Amino acid sequence: MASREPVADIRVDADLVRALLREQYPELAELELLEIANGWDNAIFRLGDALSVRLPRRRVAAGLIENEQRWLPALASSLPLPVPVPVACGRASQRFPFRWSVCPWFEGRSAFDAPPADLVRAAAELAAFVNALHVPAPADHPINPFRGRHLAERTSRFEASLPQAGARRSF
């Protein structure tokens, strides 16, 4: 099946990341750098043993990185599991027009690849995390134009997409 992710507005590669690090965080610039993912909105690189670099690859995602830089530090202390709070916040420059982040690297594997040995414990940890997030947002919270909308607003689009996904309607 062909990938449906949008084309990047900006090509993000290891050379660009290395140049940005040299410009803004020279103390990190010589650490080993490995591309991990070029996703829908962001590119992720592992930096050394303990860090990662996250850069938007599309203009529409640039504001999301800014929100992460502002809100992850504010949320982290109230959450029962670690989150990737930026340890360094890259600035927009002539080389790259958006903010970007250096975050901790969390070692692990996807639960799809390595299901938890103790499903009850994993479910309880996930429930505690979701429960900690499920609190009223501060008055100055960011608005995401793509997420956080009432599900009723998405029902018709979801149902129209089911045949393309090969899904069977069972509700």
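In this predicted model, Asp-118 caps the N-terminal end of helix H3, with a side-chain oxygen placed 3.2 Å from the backbone nitrogen of Val-120. The helix that follows covers residues 119–133 and is 15 residues long. From the first C-alpha to the last, H3 reaches 21 Å, close to the 21 Å expected at 1.5 Å a residue.

Next comes the sheet. Strands of a sheet pair through backbone hydrogen bonds, and the pairing may be parallel or antiparallel. Here, five strands make up an open sheet with antiparallel pairing, and reading across it gives the order S1-S2-S3-S5-S4. Strand S1 (33–38) and strand S4 (88–90) stand at the edges with a single partner strand each, so one side of each has no neighbour in the sheet. On average, neighbouring strands of this sheet are turned by 25 degrees against each other, direction ignored.

Two helices lie across the strands. Helix H1 (residues 14–24) lies across S1, S2, S3, S4 and strand S5 (100–104), and runs at about 90 degrees to S5. Helix H2 (residues 59–76) lies across S2, S3, S4 and S5, and its angle to S3 is about 140 degrees.

The largest nonpolar core holds 22 residues. Those touching the most other members are Val-12, Leu-21, Leu-55, Phe-96, Trp-100 and Val-102. At least two residues of this core come from each of H1, S2, S3 and S5, and H1 gives the most, with four.

Ser-52 sits in strand S3. Its relative accessibility is 8%, and because buried means under 20%, Ser-52 counts as buried. The side chain of Ser-52 reaches the backbone oxygen of Pro-104 at 3.5 Å. Beyond its neighbours within four places in sequence, Ser-52 is in contact with Phe-45, Arg-46 and Leu-47, and also with Ser-101, Val-102, Cys-103, Pro-104 and Trp-105.

Definitions and conventions. Residues numbered from 1 in each chain as written. Predicted model: local features only at pLDDT ≥ 70, side-chain atom pairs only at ≥ 80, totals over all residues. Heavy atoms only, no water. Expected span 1.5 Å × (residues − 1). Polar contact = N/O pair within 3.5 Å; in protein donor to acceptor, adjacent residues only side chain to side chain. Pairing = 2+ DSSP bridges. Axes fitted to C-alpha atoms, helices over the stretch in contact; angles between N-to-C directions. Contact = heavy atoms within 4.5 Å. Buried < 20%, exposed > 50% of the residue type's maximum accessible area, 1.4 Å probe, protein only. Core = buried A, V, L, I, M, F, W, Y, C linked by side-chain atoms within 4.5 Å.
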